[in-house]
Amino acid sequence: MSRKILTVILSLCLFTSKYGIGQTARVIPLNTAIEMAIKLNPQTKIADLRIEKQRVLLPATRNFDSPELLFQAPTSDAFRPGIMQKFAMPQVYNQQKKAQESQIRLTETEKQITSNILRYNVKTVYNELRYLREVIRNYQRQDSLLADFVKITDVRVQVGQISRIEKLNAESQYREVQYLLDQIRAKVRSNRIQLGLLIGMPNDTTLRVSGDFDKLKFIHAVISTDTNFVQNPLTGFYRENQQLNMELLSLEKKRRLPNVIVGYLNQGDKNSPVGYRFQLGVTLPVWGWVFNSRINGAKKDVEIAQKQIALNNYELQGTYDKAVSEYRQYQEALEYYETIGLLQASEIINAAKDGYRLGSIGYYNYLLNLQQAFKIRLGYLDALRNFNQSVITLQYLKGE
């Protein structure tokens, strides 16, 4: 018997561990969630590794060719060892270092792009969870009213005031709200999992959002003619990309300089003076078409980088114009609900409850009025979510 009890207890523990039952809710404020995503998300870690890789390659800009160890018999009586080393001009190594430093800055801006995307995604999920929380409250209010309504219809059926079909209709409305609540709760669980993935806490269903579902503010004046996207990391990325290609162009030009060759090799007998055993020479960059081809290719890369800057600004402007249009659209809808819609919804609910209680309206009109009032409230929540999302999009485009 004790073994069966132990088995049941272990099964319950596994069940509660798997489905989060009994676990303490973990409230993550928005700013904390953003910081965690930027620090703990795997995309950030990959970006850090890319930066680290480019920094590790910085010493390799002093890339000397491997020395050549030679054995020759110039007097045909014995092999004599020698060593040769080729060096590029100092300008080449300096330029290679500048190009690599530019590459490091480019990968750093890539990380900024990743951070901006993560910030946008966290804000989006957070906005959605706040919205769903209010939708659940809206349905719970409707559920409470309908539950009372079902009790009233049950009494009226027993005293013969209404027919059984009217009671069944009321119960179906109540069950439909229960079904919708289950659907919304499933969406909440899905978004909590998404939030956990973003902040580096996968499969954590205990996450909760904080703060009220309020109207977000955009600190800039919302105008469609705005072309200032300096803070957007994409802008910085393409500018750094242009700088990198300019550095690589300068590097190709400097590679036309001759290389210096130094070495030690005794071409005489073993008693030859030591001073005459050293060698000095230079390479002759006579194959001009090779250097010209590389230089022309590097020039094309610079032109492409310049075009990418223009294309990026064009795409950002188009996306921003669309976001401004949506912002104004949702702002108008939100203003309607704030000034007219919500007030009407409250009045409709109060009037319907009083009318049905006093018998001036029937159950059917009561249900219709309830549905209309809660539909207005749900429309307000939808408008607020869409408006906030448009603000989040504008912040993303501005790199905030």
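Select helix H2 (residues 30–40) together with helix H3 (residues 42–56): their axes come within 5 Å and cross at roughly 45°. Axes here are lines fitted to C-alpha atoms, for helices over the stretch in contact, with angles running from 0 to 180 degrees between N-to-C directions. H2 and H3 are therefore oblique to each other; angles under 35 degrees count as roughly parallel, over 145 as roughly antiparallel, 65 to 115 as roughly perpendicular and the rest as oblique.

This is a predicted model, in which local features need pLDDT of at least 70 and side-chain atom pairs count only at pLDDT 80 or more, while totals for chains, interfaces and linings use all residues. Residues are numbered from 1 along each chain as its sequence is written, and side-chain values use heavy atoms, with hydrogens and water left out. Helices (H or I, at least four residues) and strands (E, at least two) are DSSP runs, numbered from the N terminus.

Next, display the side chains between these two helices. Ala37, Ile38, Lys39 and Leu40 of H2 meet Pro42, Thr44 and Lys45 of H3, contact meaning heavy atoms within 4.5 Å. The residues of this contact comprise four nonpolar, one polar and two charged. Ala, Val, Leu, Ile, Met, Phe, Trp, Tyr, Cys and Pro count as nonpolar, Asp, Glu, Lys and Arg as charged, and the others, Gly among them, as polar.

Move to the open sheet, whose four strands follow the order E2-E3-E5-E6 with antiparallel pairing; two strands pair if DSSP finds at least two bridges between them. Strand E2 (68–72) and strand E6 (278–282) stand at the edges with a single partner strand each, so one side of each lacks a neighbour in the sheet. On average, neighbouring strands are turned by 20° against each other, direction ignored.

Within the sheet, select E3 (residues 80–87) and E5 (residues 260–265), which six bridges join in antiparallel fashion. Lysine 86 has isoleucine 261 in E5 as its bridge partner, and glycine 82 stands opposite leucine 265 in E5. On to E6: five bridges pair E5 with E6 in the antiparallel sense, and valine 260 lies opposite valine 282 in E6.

Finally, select helix H7 (residues 288–358). Its 71 residues reach 101 Å from first C-alpha to last, close to the 105 Å expected, that span being 1.5 Å times one less than the number of residues. Centre on tyrosine 337, where H7 bends by about 50°. Just after H7, glycine 359 takes a positive phi of about 90°.

Terms used
The bend at a residue is the angle between axes fitted to the seven residues ending there and the seven starting there.
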